[in-house]
Amino acid sequence: MELANIEKLLEKYLNAETTLSEEKILEAYFISGEVAPHLEEYSFMFNYFKQSKNEKFTKTIQLKPEKTSRMNWKWLSVAASVVLLFSTYIGYGKYQEQEQRRQFEQIKEALHMVSTNLNKGNEALYAVSNNINKGKEAIGHLNTYEKAVNKVIETVN
């Protein structure tokens with residue numbers, strides 16, 4: 001066969017586009033021993049394929065039958081149900097704990113806001129209280145002034 005045809009078939013073979021008859025042509029060429037020097041590396045591959053076709057596995061394989069009884073499946077389903085119930089119970093507990101933490105944070109925030117507003121009210125009351133005390137002191141000074149004026153008026157009369 002022409003070398004050009006062999007090279008085309010080899011290219012098709014490497015691209016996995018050959019038919020079985022074309023692969024037999026390639027096998028016959030590479031096994032023949034009259035291979036072009038630049039294609040000799042492929043002759044090893046085709047010789048290996050030829051030898052491996054003749055190999056047979058002679059050892060016996062001992063197969064054990066599968067023992068899948070319904071009992072195993074029942075226990076497996078019971079175990080899966082227990083795991084599911086347990087994880088649901090734990091998950092619900094974690095959910096409740098998370099909800100309590102969230103509510104606690106909301107209450108804490110509300111109490112902080114109330115505390116801030118009460119402190120503002122206390123500051124206003126202290127300011128009013130200070131003004132009342134100043135007014136009492138002023139009245140006290142007026143009383144002492146009035147007493148002094150009355151004494152002066154009595155002494156003059």
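Which residue forms a salt bridge with Lys108? Glu105 does, with the closest N and O atoms 3.9 Å apart. The model is a predicted one, in which local features need pLDDT of at least 70, side-chain atom pairs count only at pLDDT 80 or more, and totals for chains, interfaces and linings use all residues. Residues are numbered from 1 along each chain as its sequence is written, and side-chain values use heavy atoms, with hydrogens and water left out.

**Salt bridges**

- The whole structure holds five salt bridges, a salt bridge being a side-chain nitrogen of Lys or Arg within 4 Å of a carboxyl oxygen of Asp or Glu.
- In one of them, Lys12 pairs with Glu22, and their closest N and O atoms are 3.0 Å apart.
- Lys12 belongs to helix H1 (residues 3–14) and Glu22 to helix H2, so this bridge ties together parts that are ten residues apart in sequence. Helices here are DSSP runs (H or I, at least four residues), numbered from the N terminus.
- Glu22 counts as buried because its relative accessibility is 17%, whereas Lys12, at 29%, counts as partly exposed. The cut-offs are under 20% relative accessible area for buried, over 50% for exposed, and in between for partly exposed (1.4 Å probe, protein chains only).
- Another bridge joins the side chains of Glu99 and Arg102, at 2.7 Å from N to O. Both residues lie in helix H4 (residues 70–156), three residues or about one turn apart.
- Arg102 has a relative accessible area of 40% and is therefore partly exposed.
- Glu105 and Lys108 are also three residues apart in helix H4, which means a separation of about one helical turn. Glu105 is partly exposed at 43% relative accessibility, and Lys108 is partly exposed at 44%.

**Contact of H2 with H3**

- Helix H2 (residues 20–31) packs with helix H3 (residues 40–54) at an angle of about 110°, and their axes are 9 Å apart. Each axis is a line fitted to C-alpha atoms over the stretch in contact, and angles run from 0 to 180 degrees between N-to-C directions.
- H2 and H3 are therefore roughly perpendicular; angles under 35 degrees count as roughly parallel, over 145 as roughly antiparallel, 65 to 115 as roughly perpendicular and the rest as oblique.
- From H2, Leu26, Glu27, Phe30 and Ile31 meet Tyr42, Ser43, Phe46, Asn47, Lys50 and Lys53 of H3. A contact means heavy atoms within 4.5 Å.
- Five of the residues in this contact are nonpolar, two are polar and three are charged. Ala, Val, Leu, Ile, Met, Phe, Trp, Tyr, Cys and Pro count as nonpolar, Asp, Glu, Lys and Arg as charged, and the others, Gly among them, as polar.

**Aromatic pairs**

- There are six aromatic pairs. Rings of Phe, Tyr and Trp (its six-membered ring) pair if their centres lie within 6.5 Å; planes under 30 degrees apart count as stacked, over 60 as edge-to-face and the rest as tilted.
- Tyr29 and Phe30 have ring centres 5.2 Å apart and planes at 75°, so they form an edge-to-face pair. Both Tyr29 and Phe30 are buried.
- Phe30 and Tyr42 form a tilted pair because their planes are at 55°, with ring centres 6.3 Å apart. This pair links Phe30 in helix H2 to Tyr42 in helix H3, twelve residues apart.
- Phe30 has a relative accessible area of 2%.
- Ring pairs join Tyr13, Tyr29, Phe30, Tyr42, Phe46, Tyr48 and Phe49 into a cluster.

**Ala110**

- Ala110 is in helix H4 and is partly exposed, with a relative accessible area of 37%.
- The C-alpha atoms of Ala110 and Phe46 are 85 Å apart, and the two residues are 64 residues apart along the chain.

Technical notes: Helix = DSSP H or I, 4+ residues; strand = E, 2+ residues; numbered from the N terminus.
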